[in-house]
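Thanks for coming, everyone. Please look at the screen while I bring up the model.

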Amino acid sequence: MGDHLDDLDPEQLAAVTAPRGPVCVLAGAGTGKTRTITRRIAHLVDQGQVNPDQVLAVTFTARAAGEMRSRLRALGIGSAGSSAGVQAQTFHAAALRQLRYFWPRAVGNTRWELMDSKLPLVGRAARRARLDTSTESLRDLASEIEWAKASLIGPSGYAQAAARAGRDLPAPADDVAKVFAGYEAAKISEDGDRLFDFDDLLIFTTQILLDDAGIADEFRSRYRCFVVDEYQDVTPVQQGLLKAWLGDRDDLTVVGDANQTIYTFAGARAEYLLNFSREYPDAQVVRLVRDYRSTPEVVDLANRVIGAARGRAAGTRLELVGQRPSGPRPRFAEYPDEPAEAAAAVAEIAALIADGVPASEIAVLYRVNAQSQVYEQALTEAQIPYQVRGGDAFFARTEIRQALREVSAAARADDPPSGPDLVESLRALLFPLGLTPDEPSGAEARSRWASLTALIELAEELLGHNPELGMRELATELVSRSQAGHPPTMRGVTLSSLHAAKGLEWDAVFLVGLTDGAVPISHAIDASPDAVEEERRLFYVGVTRAREHLRLSWALSRNEGGRRGRRKSRFLNGLLPTCERCSSTLIGARALRTGICDSCSGDRRPATGTTTRRSTTTMPLAPADAELFDALREWRSAEANRQEKPAYTVFADKTLREIATDRPADLGQLQRVSGIGPAKLERYGDAVVAIVAKAADG
Ligand code: ATP
Ligand code: MG
């Protein structure tokens, strides 16, 4: 297991080695909070202070819990498959397990079942209340019910609480309360059987622990040490469960960053984190400021983003200090429309991959899941593998559903394979579903192949931790992952919402779609300044995911050839780079690309009409080609000035683009570029070839 202390800084060391009891790590992004708690658990186990299976580590998303599990496994103390070890789970998964175990004893014969979705029952209640029953409206009503339940508010208290919280309501508060009450009633059948939603798991588990002393004793002798990551996002109902777990004990370590609170709209309250030492006066409170994740360039931008924040959380921020060597400056880019933005991002992704950055170390992050589509398409066209994070996309895939059925069937066989044979048997099962020995061609077949390969890699990983792993354990692991929405890691570029990216990190991050209305999202703008602050924190979460390469972009319209209708995000104000020559803020696509403002470049902007036509009928250039293109345009504008003629009479943009991508090495090659006749060749040929050669040298 080894020593888990030698590469910690003094503050991290203090948190890791603090005696059992309340500990609170309050620190910014990338300072090693998650690392600190996994090390702390490992250290307590090493010291014999606690058994691994007495530790319950919780967090909020299945992905974050998965991340914690893999870090714990790497330290040799995680649980894998069915083997014992530290439990790292979401609040919901932990409660689900406990409820399954304790329910029969606590409640007896009535049965319960977890609902897939609350929409059907909400729909029934909404119809009865004569409200709009469109999917969108039902989703909004369901969100209100979720917020209320997470906040420990029942139907009778809803209207008042919603007014106090300034909720953006889908219907009059009394009507929402009526739907809420109808929904709660509909979950209980005539013979008393129950349907549970996710919040019910927490509510009933808490209730059982509070009501039944015998069960509470059994639970508390089993789990003795509690750890919560991302504690800024805890809701009152989760906090209630945590308290019920603890009883009158205080063996609790929490870590969080109030400036990354991004679930207030769903009931999260950073106050539990910020008031921790009031709740536990003996708590050891540790603050970390060294950012080990990101380059100083990324850290500087992150500090500026959160520096503009307002409110209580903002008052607790500490300026991050970057620890890594310097790297490239974050880049900003503007596009006429989303397809152009996506094409340019994908061209840069291809360039990074060609430069040796693994695809799995690259992420594209956006505000709402619907934004992924244009990137999925562009990546597919470029034949770059990707995975979509957040949601159950992986387990909803046809080949994966088939694979789960095959694995479950094989697990029920008399003597299911295990140990060294497992992977070969699995391959044989998956072969008919598309797992050919070599990666096939064709986008569909490739993506099927990639997801099946992820299953093989997961089995291999689990085998590494439990050499006896069998088909049965594998089937259980897959089912629990599919219930928890925790897909295996796939090689390939990650596409993720900003929310689902919390806690994670990549070498290269593309923050896309940064327009006002997306980041901050329009309903936050309509709701309140607090809601806009939450969006700012979400933006901060996005910026701080990047280790080295960070690129921020936005598009002025949604569709190709669309009219400009959007503006760049207000959060970009004060962040954009300045002109290399005159230090004025760079505005507009061209200036951002060249680093020189329009007035210094001396090239008058073409009329708006031409911009739209040019940029929507041509693919964006790869970065190196764009640089050459700009160099050629600079030369052209100087030449045009000298002759006192319009620039296009020297060369058309189209010709310069072709030169930038074809890179003719001599006059013979230049002659083949369309738009270059003998006169132009004689007049400008040498100059153009020299610029191309210079670009190759640089
Ligand atoms: P977030 O707020 O985004 O969840 P965090 O505070 O949990 O961030 P971690 O994910 O634990 O940060 O750590 C960020 C990165 O820095 C990880 O790659 C981690 O391995 C690395 N790191 C943390 N502490 C150190 C250290 N003392 N020395 C070297 N690397 C470190
Ligand atoms: Mg973390």
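Which open sheet of six strands has parallel pairing, and in what order do the strands come? The order is E11-E16-E15-E12-E14-E13. Two strands pair here if DSSP finds at least two bridges between them. Strands themselves are DSSP runs of E with at least two residues, helices are runs of H or I with at least four, and both are numbered from the N terminus.

Some ground rules. This is a predicted model, so local features need pLDDT of at least 70 and side-chain atom pairs count only at pLDDT 80 or more, while totals for chains, interfaces and linings use all residues. Residues are numbered from 1 along each chain as its sequence is written, chains are lettered from A and ligands numbered from 1 in the order in which they are written, and side-chain values use heavy atoms, with hydrogens and water left out.

E11 runs parallel to strand E16 (residues 546-557), and six bridges join them. One example: tyrosine 335 has alanine 555 in E16 as its bridge partner.

Now another open sheet. Six strands line up as E3-E2-E6-E7-E1-E8, again with parallel pairing. Strands E3 (87-90) and E8 (284-288) stand at the edges with a single partner strand each, so one side of each has no neighbour in the sheet. The twist averages 15° from one strand to the next. E3 pairs with strand E2 (residues 55-59) in the parallel sense, over four bridges. There, threonine 59 has threonine 90 in E3 as its bridge partner.

On to the ligand. How many residues surround ligand 1? The shell has 19, and the closest are Gln12, Lys33, Arg293, Glu505 and Arg545. A residue counts as near if one of its heavy atoms lies within 4 Å. Helix H2 (residues 33-46) gives the largest share, three residues. Where does the ligand sit relative to the domains? Domain 1 (2-101 + 201-288) and domain 3 (327-392 + 493-572) both give residues to the shell, so ligand 1 lies between them. Those bounds come from an automatic or database domain assignment.

Next, the contacts. Arginine 293 puts a polar side-chain atom 2.8 Å from an oxygen atom of ligand 1. Arginine 545 also has a polar side-chain atom 2.8 Å from a ligand 1 oxygen. Taken alone, ligand 1 exposes 640 Å², and the protein buries 85% of that. Those areas come from the Shrake-Rupley method with a 1.4 Å probe.

Last, two loop details. The peptide bond from valine 519 to proline 520 is cis, with omega near 0°. Proline 520 sits in the loop between strand E15 (506-511) and helix H23 (522-527). Glutamate 230 has phi near 55°, a positive value in a residue other than glycine. Its loop runs between strand E6 (225-228) and helix H11 (236-246).

Terms used. Polar contact = N/O pair within 3.5 Å; in protein donor to acceptor, adjacent residues only side chain to side chain. Axes fitted to C-alpha atoms, helices over the stretch in contact; angles between N-to-C directions.
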